[in-house]
Amino acid sequence: MKSIAFKIPKYHHLSNDKRSIFYESELKYHWAYRSAYFASLTWENYIKHHISVINNKENPAKGFAYSYDHVDAPAEVSLYIGDCIRCMRTSLDYLVASLAREANIDDSQIIFPFSETLENLRDSFTDVSANGKKKHGRQLAMFNLQKSYPGLDKLIIDQIQPFSRDHGSITSGDLLWRVITSDAIDKHRLMTPRVTNAKINSIKFADGSGLIGEFTITGGPAFYSSSPIVGNPEIEYDLLFDMPSRLEGLPVMQTLADALDAVLGTIMKFKMHFKNVDQYSTGAKFN
């Protein structure tokens with residue numbers, strides 16, 4: 001029996017000049033990728049060594065009964081997922097915090113802006129709230145920061161777009177918003193994923209005359225056939241986000257991989273936009 005799952009490719013060392021103001025953000029991104037890789041590797045190894053048995057027991061009424069084991073994700077996978085999401089969120093916060101320090105601005109109130117709506121995202125760069133009241137404290141953080149970095153608001157609002165899409169389309173900016181909001185859940189409890197029903201690929205059935213056909217069957221954990229199975233079917237499992245969050249129902253490993261791409265894209269946009277500020281920011285290099 002062979003069990004497979006979506007894999008996150010092994011990530012190699014991310015190098016950059018330590019003098020770059022965005023170096024710490026890249027370190028956090030690197031750790032997020034490392035956590036996602038180990039979540040994928042842990043899950044892959046778990047199902048690879050999990051005993052998935054298809055029982056060939058003839059049932060006079062229904063034919064041959066086949067079943068496969070139910071599996072739950074080990075706790076280590078949930079821990080790695082949480083670490084990945086937290087480090088992605090922190091990597092984004094480090095981008096704007098490093099700009100604040102470079103401009104001698106207190107970075108304790110700085111967080112990367114995101115919002116459920118485009119209107120609220122735009123509002124985060126103003127000094128007056130939607131109801132006309134003057135902002136205070138953290139509410140003014142991005143307004144004050146953009147005074148030192150003209151165009152910061154357009155970079156985030158127009159290019160990165162970290163806000164929800166009303167029509168549900170998952171773009172890179174929408175995915176950043178989903179990841180950032182999910183970080184708040186992981187602070188209070190594990191984001192334990194749900195294992196989907198297994199998908200059995202290319203089952204070969206032998207009928208009474210010895211003919212063999214190949215099929216793909218989803219569902220379970222039991223099904224029936226009038227013919228016995230021959231050979232070794234391949235069982236494919238996947239994980240879905242199962243906690244009430246903006247990621248609920250999405251495949252875990254693929255979503256983490258896509259979110260990591262979105263975070264890296266954000267880092268690179270910052271490095272290109274502020275290359276006149278950070279002379280050591282030469283771009284991410286993969287060895």
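Tutor: Happy to! Let's begin with the wording: angles under 35 degrees count as roughly parallel, over 145 as roughly antiparallel, 65 to 115 as roughly perpendicular, and the rest as oblique. Please keep in mind that this is a predicted model. Now take helix α2, residues 75–102, and helix α6, residues 172–186: they pack at an angle of about 120°, and their axes are 9 Å apart. α2 and α6 are therefore oblique to each other. Their crossing is left-handed. On the α2 side, the contact is made by Gly82, Ile85, Arg86, Met88, Arg89 and Leu92, and α6 brings Leu176, Val179, Ile180, Ser182, Asp183 and Asp186. Sorted by class, the residues of this α2 and α6 contact are six nonpolar, two polar and four charged.

There is another pair to set beside it. Helix α1 (residues 23–49) packs with helix α7 (residues 252–273) at an angle of about 165°, with 11 Å between the axes. That angle makes α1 roughly antiparallel to α7. The crossing of α1 and α7 is left-handed. From α1, the residues that meet α7 are Ser25, Glu26, Tyr29, Ala32, Tyr33, Ala36, Ala39, Ser40 and Trp43; their partners in α7 are Met253, Leu256, Leu260, Val263, Leu264, Ile267 and Lys271. By class, the contact of α1 with α7 has 12 nonpolar, two polar and two charged residues.

How values were computed:
Residues are numbered from 1 along each chain as its sequence is written. This is a predicted model: local features need pLDDT of at least 70, side-chain atom pairs count only at pLDDT 80 or more; totals for chains, interfaces and linings use all residues. Side-chain values use heavy atoms; hydrogens and water are left out. Axes are lines fitted to C-alpha atoms, for helices over the stretch in contact, and angles run from 0 to 180 degrees between N-to-C directions. Helices (H or I, at least four residues) and strands (E, at least two) are DSSP runs, numbered from the N terminus. A crossing is left-handed if the near helix is turned anticlockwise from the far one by less than a right angle, and right-handed if clockwise. Contact means heavy atoms within 4.5 Å. Ala, Val, Leu, Ile, Met, Phe, Trp, Tyr, Cys and Pro count as nonpolar, Asp, Glu, Lys and Arg as charged, and the others, Gly among them, as polar.
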